[in-house]
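The following exercises ask the reader to work through selected features of a protein model. Each task is followed by a solution in steps.

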Amino acid sequence: MRKSTLLFSVFCLCIITISAQQRRQQPVQPAEAPKTDKPTAAPNKMVNTDSSVTTKNEITIKGQKVPYTATAGTMPVWDDEGKAIASVFYTYYERSDVKDRTSRPLVISFNGGPGTPSVWMEIGYTGPRILNVDDEGYPVQPYGLRDNPNSILDVADIVYIDPVNCGFSRPVSKDIPTSKFFGVNEDIKYLAEWINTFVTRKNRWASPKYLIGESYGTTRVSGLALELQNAQWMYLNGVVLVSPTDLGIERSGPVDEALHVPYYAATAWYHKMLPTDLQQKDLTDVLPEVEDFTINQLIPAISKGGFIPDDQRKQIAAKMSRYTGLSEKTILQHNLDIPTSFFWKELLRDKGYTVGRLDSRYRGIDREDAGDNPDYNAELTSWLHSFTPAINIYLREELNYKTDLKYNMFGPVFPWNRNNDRTGENLRQAIAENPYLHLMILSGYYDGACDYFNAKYSLWQLDPSGRLKDRLSWHGYRSGHMMYLRKEDLSAANDVLRDFIKKSTPKPGEPAKY
């Protein structure tokens with residue numbers, strides 16, 4: 001995937017009550033306007049580094065009643081001298097009818113961006129409460145939430161973590177250098193320390209542990225897998241990558257140019273832009289043919305550059321046209337290399353629409369049909385429309401967190417240091433070092449930012465030896481970046497998580513060895 005397409009991903013829930021000695025720092029709920037003409041007090045937006053509030057609830061999952069507690073709050077990020085430099089918000093769901101947690105799995109969840117909180121997977125995917133959307137994931141009113149009958153809370157406890165400047169998380173002072181947090185390796189280092197604190201305080205060292213990340217969160221958890229092992233001596237049972245980035249795995253030139261074509265085919269199939277014979281087939285019958293063309297014909301053809309024979313160039317362009325829904329002329333004009341932004345603009349140009357970047361099922365309307373890229377991301381504005389009111393309702397009203405802090409759906413985290421991104425190799429090393437550790441990748445066929453075939457490519461390149469592949473798996477869904485927004489895929493994607501956790505939790509006494 002090109003670096004320009006790597007941004008995005010999702011999750012938050014953080015709530016906070018304050019112990020007696022900390023009440024002087026407590027963010028306060030805005031009071032009702034006084035019945036006088038005197039000016040009201042300014043909002044209190046102080047950062048509280050260490051606090052919590054707990055609520056109790058019950059949900060029915062797979063026909064089984066699951067009582068649980070939801071603890072929302074903050075824990076500090078420490079510097080090397082033991083001074084709190086930032087407040088990280090979290091929401092922790094714990095099944096309350098489990099007495100012995102030594103074998104109870106703990107799932108540690110991150111979203112991406114890199115500046116977005118854990119809201120997306122928390123109230124969209126795995127948490128016990130889920131936002132109101134229609135069966136395909138589009139906003140509906142009234143805004144709000146409902147129980148999630150597919151949540152994985154029946155088999156695992158879950159903590160959703162918001163990195164600094166995401167959601168309600170903040171540095172304690174404007175004087176704290178943001179370079180301590182904002183970068184591939186900086187992010188991994190401080191979050192590993194924070195996870196150690198969380199696991200220690202919640203007495204979860206004995207529990208099987210899992211990391212799940214979405215979008216940039218996959219970069220984050222891939223790096224955390226090794227950092228937790230090497231710097232915190234904390235060993236995992238599983239890592240789940242939802243709509244992964246390139247993980248620092250090299251791809252350039254002909255490979256980079258070609259790998260998007262299967263995604264183009266999936267999107268064209270969805271919008272009925274393929275030839276009749278392909279359109280009549282099921283999506284999963286079409287894609288293997290396109291994947292084979294990409295690997296065995298397109299990459300070699302692009303590798304020849306300007307020296308490819310004209311007849312071969314035209315043959316390749318004709319096949320690309322057949323699989324992408326674009327004209328052969330357009331493909332030749334681009335020298336067999338169609339930029340993703342141009343594809344989003346071009347595919348439905350004659351119909352007056354653009355298609356979404358993160359989920360190409362969504363359609364947008366631009367100011368004018370001309371141009372090389374859409375005016376906006378049709379899918380992202382739709383998601384912000386539904387998630388933003390839902391998470392504010394949930395945190396402030398259901399979980400009773402009161403603050404004047406703004407909930408940052410996309411927080412200020414730039415410039416972001418992307419140097420020395422070896423997270424894919426770090427993940428491979430973590431898996432090699434730890435015989436318990438399994439990896440699962442989930443992708444949506446209609447995701448154009450972190451597309452499914454690039455995810456497959458990362459999986460193939462992760463372990464060149466092939467000796468770890470029995471612990472690596474991939475699953476595809478008929479959705480986009482957040483495949484769980486589609487009702488059918490919400491159920492399936494939670495079921496595969498549930499199965500992954502069960503299968504990768506060893507039997508009592510089973511040794512970790514080769």
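This is a predicted model: local features need pLDDT of at least 70, side-chain atom pairs count only at pLDDT 80 or more; totals for chains, interfaces and linings use all residues.

**Exercise 1. Backbone exceptions**

Then treat Pro142, Ser215 and Leu247 in a like manner.

Solution. 

1. Pro142 is located in the loop between E5 and E6. The bond that joins Gln141 to Pro142 is cis, and its omega is near 5°.
2. Ser215 is set in the loop between strand E9 (209-214) and helix H3 (216-231). Its phi is positive, near 55°, although the residue is not glycine. Its relative accessible area is 0%, so Ser215 is buried.
3. Leu247 occupies the loop between strand E10 (238-242) and H4. Its phi is positive too, near 60°. With a relative accessible area of 3%, Leu247 is buried.
4. As background, most residues other than glycine have a negative phi, and most peptide bonds are trans.

**Exercise 2. The geometry and burial of H7**

Compare the span of helix H7 with its expected value, locate the kink, and state what covers the buried residues.

Solution. 

1. H7 runs over residues 283-303, which makes 21 residues. From first to last C-alpha it reaches 28 Å, close to the 30 Å expected at 1.5 Å a residue.
2. A kink of about 40° is centred on Thr294. Thr294 is also one of the buried residues of H7.
3. The buried residues include Leu283, Val286, Leu287, Val290 and Glu291. Among the others are Phe293, Leu298, Ile299, Ala301 and Ile302.
4. An α-helix has 3.6 residues a turn, so residues three or four places apart point the same way.
5. The cover over these buried residues includes helix H4 (253-258), helix H5 (261-270), helix H6 (276-279), helix H8 (310-324) and helix H13 (452-462).
6. After H7 comes Gly305, with a positive phi near 55°.

**Exercise 3. Aromatic pairs and charges over rings**

How many aromatic pairs are there? Classify the pair of Trp120 and Phe410 and that of Phe181 and Tyr190, and find the charged residues that lie over Tyr353 and Trp474.

Solution. 

1. The count of aromatic pairs, with ring centres within 6.5 Å, comes to 30.
2. Trp120 and Phe410 form a tilted pair, 6.3 Å centre to centre with 50° between the planes.
3. Trp120 lies in helix H1 (residues 119-126) and Phe410 in the loop between helix H11 (378-398) and helix H12 (423-433), so this pair ties together parts that are 290 residues apart in sequence.
4. Trp120 counts as buried at 0% relative accessibility, whereas Phe410 is partly exposed at 38%.
5. Phe181 and Tyr190 make an edge-to-face pair, at 5.3 Å centre to centre and 80° between the planes. Phe181 and Tyr190 are both buried.
6. Phe181 and Tyr190 belong to a cluster linked by ring pairs, together with Phe182, Tyr216 and Trp416.
7. Arg363 lies over the face of Tyr353, 4.1 Å from the ring centre. Lys456 lies over the face of Trp474, 4.6 Å from the ring centre.

Terms used
Residues are numbered from 1 along each chain as its sequence is written. Side-chain values use heavy atoms; hydrogens and water are left out. Helices (H or I, at least four residues) and strands (E, at least two) are DSSP runs, numbered from the N terminus. The expected span of a helix is 1.5 Å times one less than its number of residues. The bend at a residue is the angle between axes fitted to the seven residues ending there and the seven starting there. Buried means under 20% relative accessible area, exposed over 50%, partly exposed in between (1.4 Å probe, protein chains only). Contact means heavy atoms within 4.5 Å. Rings of Phe, Tyr and Trp (its six-membered ring) pair if their centres lie within 6.5 Å; planes under 30 degrees apart count as stacked, over 60 as edge-to-face and the rest as tilted. A charge sits over a ring if NZ of Lys or CZ of Arg is within 6 Å of the ring centre and within 35 degrees of the ring normal.
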